[in-house]
Amino acid sequence: MTPAKEVAAHTPMMQQYLGIKAQHPDMLLFYRMGDFYELFFDDAEKAARLLNITLTTRGASAGSPIKMAGVPYHSAEQYLARLLKLGESVVIAEQVGDPATSKGPVERQVSRIVTPGTLTDSGLLDETRDTLILAVSPGTERVGVAWLNLAAGRFQVSEIAPAGLPALLARIRPAEILAPDTFELTAACPVRRLAPWQFDATSAETRLAQQFGSRDLTGFGVADLRQATAAAGALFDYIQSTQRTSLPHLQSIRAERDDEFVQLDAATRRNLELTETLRGEASPTLLSVLDTTATGMGTRLLRHWLHHPLRDRNILQQRRDAIGVLAERIDLAEVLHHILKSCADVERISGRIALKNARPRDLSGLRDTLAQLPELATQLPEADAHLARLRDTLAARPDLHALLARAIQAEPASVLREGGVIADGYDADLDELRALTRDAGTFLLDLETRERARSGIATLKVEYNKVHGFYIEISRAQADKTPVPDDYRRRQTLKNAERYITPELKAFEDKALSAQDRALAREKALFDTLLDTLIPHVPDLLAIAAALAETDVLASQAERVRALKLCAPDYGDEPGIAIRAGRHPVVEAQVEHFIPNDVNLSRSRQMLLITGPNMGGKSTYMRQVALITLLACCGLWVPAASARIGDVDQIFTRIGASDDLAGGRSTFMVEMTETAHILHNASANSLVLLDEIGRGTSTFDGLALAWAVARHLVTATRAFTLFATHYFELTQLAQEFRQLANVHLDAKEHGADLVFLHAVEEGPASQSYGIQVARLAGVPGPVIHAARRHLRELEDAQLQPGPQGDLFAAHLPNDEVPTHPALDQLRELDPDTLTPKAALDMLYALKAHL
């Protein structure tokens with residue numbers, strides 16, 4: 001059969017379902033049937049597997065049983081959240097027809113499409129991180145990228161080299177990506193494929209200019225970014241098709257340029273554990289140590305700042321100084337935190353208002369937050385210019401607050417369909433309908449009294465339930481022995497009771513239930529009108545949200561200044577990094593006593609070659625320099641006694657060992673790939689961290705590579721570099737290059753124990769204590785003894801290229817030669833004077849020493 005004939009063979013309801021499904025073949029379809037969302041056929045099997053719900057079969061269509069699975073509509077959000085977390089997209093088809101008047105299947109229409117990148121519902125969103133959707137438009141030399149935070153209405157674009165796409169994706173962390181089906185792209189999130197014609201720059205510019213109410217895109221600074229505009233157009237079309245409503249909060253688009261930020265590649269973000277540990281956990285990380293914000297908006301902004309360090313010194317100084325002003329007032333940060341704690345997520349509420357899917361408690365939360373603005377604004381000091389601007393933005397909005405206070409109940413229902421949302425006194429028609437419902441209680445009590453007297457049944461009750469409406473209930477015993485009045489009509493028979501209706505009660509039921517239905521319809525109309533009234537205020541509300549978020553971050557960091565003993569960074573004009581008594585904020589929070597260390601990098605001291613024992617703290621020292629530099633470039637205070645940071649354009653790290661089995665890359669290949677990326681992209685203003693380059697291959701290959709990489713960074717790249725190594729031969733580079741300095745972290749043996757000092761000292765280390773560390777790790781004794789013995793053999797044979805000695809035997813003076821009876825005999829032996837018999841005796845004597 002042809003597809004049309006196949007559809008025609010199904011029942012009318014299945015034809016309707018298949019018609020909607022055909023429009024969205026790659027998404028799950030939630031098809032509303034009464035109190036459930038049902039899924040059919042392949043969707044049912046998939047949903048049953050992903051959600052662990054029951055798969056069943058009901059009836060038949062086109063001669064085959066219908067596979068189906070369903071979820072209750074009132075708890076659908078939790079199932080949607082699980083599906084979206086798994087990367088699935090869901091189409092929701094609601095009943096729009098009236099079952100009472102429909103001759104065929106009740107009409108259904110797609111009400112919304114929910115995808116991982118287009119979430120706005122509070123129940124589906126993570127309040128601590130932004131949910132972004134991104135589109136990629138590849139060109140011949142540049143890749144255009146556009147991304148959108150739909151909940152906040154932030155629309156951004158950029159154009160980058162193809163090689164820079166992984167770093168951008170690592171920074172933005174989109175929840176969903178749109179890409180042409182001809183473009184190969186592997187990502188950690190779902191990638192939705194679109195036709196290449198949907199990425200057309202000319203038509204995109206027309207549609208976007210129309211959305212923004214402008215003649216073209218020149219005023220937004222994106223007119224020259226044709227590939228980025230094409231990506232933005234495809235993204236805008238996709239959002240319109242999924243949201244099925246206008247997007248009034250999308251009023252501008254912003255071009256992001258590479259030189260705005262200190263660039264961090266994906267490996268650097270991972271190695272520095274900014275917001276996620278190497279194991280993928282939320283703590284302990286830099287964010288978990290710094291985040292004491294009171295609102296989800298504040299946490300999201302702090303996360304954004306940590307992933308977007310800036311190069312604009314004016315912005316950095318404004319943030320730094322504002323934190324300083326708030327930190328001077330011991331109680332102020334606590335007062336601000338207390339006020340902010342009661343504020344709702346205005347940013348996301350504003351987005352839902354714009355999309356007309358806000359819920360009643362969104363508006364009550366907005367109302368209560370607007371009530372807090374006057375007190376919050378008066379607490380912000382006027383002395384600081386940046387805080388004064390925030391104060392102005394947070395000025396009271398008495399008109400909006402008054403509107404919401406009049407319109408919304410103090411404690412509204414969670415969903416509109418339950419009623420009890422619009423405040424009494426806001427609308428006369430609604431008040432009249434509610435009065436009819438409220439007066440029902442008085443009428444029913446009066447009717448019950450009259451019917452008891454008329455029937456002579458003292459236990460008679462007049463009651464109501466949602467299934468059967470109003471009724472008169474008489475117990476079975478009374479019904480059997482006492483005849484009921486003639487106008488009683490039986491409504492329901494139960495085991496222990498009979499239920500009746502009378503003409504008078506039926507007339508009241510029609511009136512009361514009609515009033516209730518009309519009251520709910522009136523509330524919905526009033527709520528929709530209220531949203532329409534609020535939509536023009538969405539830009540102001542988003543500005544308030546941004547000010548609340550920044551105030552929250554600044555206040556929380558002022559509290560952190562005292563708790564973590566932070567200092568204000570200085571921003572130098574000269575290139576370089578000078579840190580006194582710097583500390584690793586995350587490690588310091590995990591240990592009892594942290595040893596601070598200095599670092600000084602300048603044009604005359606551009607590379608520190610770091611040697612020392614395993615477990616001595618080399619990696620921690622390097623990471624803390626990078627984190628202090630990054631925090632300063634976020635405008636935040638830093639864990640140090642003082643810090644002066646020059647202009648830094650990029651931070652690179654090559655730390656740790658890991659393979660990429662899925663990509664077919666060994667540990668050494670990953671190491672060399674990341675090293676190559678650094679050598680190709682680092683500049684003289686970059687900070688580079690390299691840890692044990694060359695350890696994944698043979699000793700001499702690794703040493704040669706490490707030597708060449710270090711030499712290239714000193715002579716060609718001239719980047720500020722921290723280079724940790726166990727190849728002691730590299731320390732000789734300091735004799736060749738004056739801009740390279742040797743430093744080390746030392747350890748001391750105390751009896752059988754090894755004590756790590758964790759203090760950075762000038763000069764190279766003399767030992768690595770590798771076998772001792774192996775013993776501390778629990779390597780069996782026989783293995784340790786064998787390692788010591790073999791180390792002596794290597795030293796005697798002079799196979800070890802470096803000056804490393806036996807780390808566990810007693811150290812001997814350089815001029816003292818080890819002795820052994822066999823060696824003494826050999827030293828005294830003169831082969832030229834030996835007779836054959838004497839030579840044989842000597843062999844037996846030497847053998848006896850074994």
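Before anything else I noted that this is a predicted model, in which local features need pLDDT of at least 70 and side-chain atom pairs count only at pLDDT 80 or more, while totals for chains, interfaces and linings use all residues. Residues are numbered from 1 along each chain as its sequence is written, and side-chain values use heavy atoms, with hydrogens and water left out.

**Entry on strands**

I looked up strand β19, residues 577–582, and found that four bridges join β19 to strand β22, residues 642–645, with the two running antiparallel. Strands here are DSSP runs of E with at least two residues, helices are runs of H or I with at least four residues, and both are numbered from the N terminus; two strands pair if DSSP finds at least two bridges between them. Within this pairing, A578 stands opposite R644 in β22. I then followed β19 to strand β20, residues 597–601, where I again found four bridges and an antiparallel course. Here I577 is the residue that stands opposite L601 in β20.

**Entry on salt bridges**

How many salt bridges does the structure hold? I wrote down 51 salt bridges, the term meaning a side-chain nitrogen of Lys or Arg within 4 Å of a carboxyl oxygen of Asp or Glu.

One of them is formed by the side chains of D43 and K21, at 2.9 Å from N to O. D43 belongs to helix α3 (residues 41–51) and K21 to helix α2 (residues 12–23), so this pair ties together parts that are 22 residues apart in sequence.

Next I looked at D121, which forms a salt bridge with R112, with the closest N and O atoms 2.7 Å apart. D121 counts as buried because its relative accessibility is 9%, whereas R112, at 25%, counts as partly exposed.

**Entry on a network**

E347 is buried, with a relative accessible area of 10%, and R154 is partly exposed, with 36%. Salt bridges that share partners join D130, R154, R300, D345 and E347 into one network.

Methods. Buried means under 20% relative accessible area, exposed over 50%, partly exposed in between (1.4 Å probe, protein chains only).
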